[in-house]
Amino acid sequence: MSPKSRLYTLVKAWKNKPFHEVRDACGDPWLGLSSQALEEHQSWSKRQAISHEPIFNCKGTKLTGSLFRPLLAATDMQLLRLFMEGLDTVSYWYRSGRFIPGILPMPNHTLASSSYVDAMSELILNSRLPVGLVAIGIQSAPDSTAVDACKEGLLRLRRLGVLLHFLNFCGSAEELHWITEMQLEGVHIDMSKLREHHLGSDALSQLRQSPYSPTQIYASNIGLVKDLESASTLIADHAYGGLMMAPVSRHQMLQINDSRIAKAIFSLHPHQHPNQNGDK
């Protein structure tokens, strides 16, 4: 065997090792981590699906994170496999020298399930990622019957250094209470819904009631220039959507040039200086 082929075998074995450890630790078939699921996971990874939505600061001058979209519509049997894929992608960026936080959406029933939380904890620990690079996206406030279990699951994940984000914020008192009680690090506001249904200024002011609050505002689903202007009015910390940049593959994420996206977004705004003919 040539040195080149030996190196290939070694690297391939090293790459596959974390997934075998995870399978041994939490490989219950009903959790979607059977041997067949792992094989599907590896082939899915090789396809480099366009599934990572880039997140920027509101001015578009800096890439600040990524939303892993496949988890938004995953079935129960797919959840942990895709969660593993999301972690593997953040690890890929980290090993490539880019600190790109990944937001992994999970439904409430998994966060309230000790079995799912056990499995997610094993996956997170096995990834060996630094604190702050993994965030869980909570898709809605839990109902009264699952509040305590959901809170316990989230606190367990937080102790591992996982950040907590609330997706699809609508401004209800229930959501505000949940965000304040859990001291969530991120709140996502859909700009398209803001266009149709005005979000009360009281709800937004309560999100920013303390300058020491860890909560940052994410303006999501930005599709029009008006949405970007609304995000600036809200003093959003981050923004993402089709106007900023469409979803990309995990390799394409590494190629994003921050200055290039900034120029593209700036070009959408009216020029503030007259041209040579004196027109605006």
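**Notebook: salt bridges**

I looked up Glu53 and Arg69 and found their side chains joined in a salt bridge, N to O at 2.7 Å. I count a salt bridge when a side-chain nitrogen of Lys or Arg is within 4 Å of a carboxyl oxygen of Asp or Glu. Glu53 sits in strand E1 (residues 52–57) and Arg69 in the loop between strand E2 (63–68) and helix H3 (76–95), so the pair ties together parts 16 residues apart in sequence. Helices (H or I, at least four residues) and strands (E, at least two) are DSSP runs, numbered from the N terminus.

This is a predicted model: local features need pLDDT of at least 70, side-chain atom pairs count only at pLDDT 80 or more, and totals for chains, interfaces and linings use all residues. Residues are numbered from 1 along each chain as its sequence is written, and side-chain values use heavy atoms, with hydrogens and water left out.

I checked burial next. Glu53 is buried at 6% relative accessibility; Arg69 is partly exposed at 37%. Buried means under 20% relative accessible area, exposed over 50%, partly exposed in between (1.4 Å probe, protein chains only).

I then searched the whole structure and got five salt bridges. One of them pairs Asp88 with Arg250, closest N and O atoms 3.0 Å apart. Asp88 is in helix H3 and Arg250 in helix H11 (residues 250–254), 162 residues apart. Asp88 is buried at 10%, and Arg250 is buried at 8%.

I also noted Lys151 with Glu181, at 2.5 Å between the closest N and O atoms. Lys151 lies in helix H6 (residues 147–158) and Glu181 in helix H7 (residues 173–182), so this pair ties together parts 30 residues apart in sequence. Glu181 is partly exposed at 38%.
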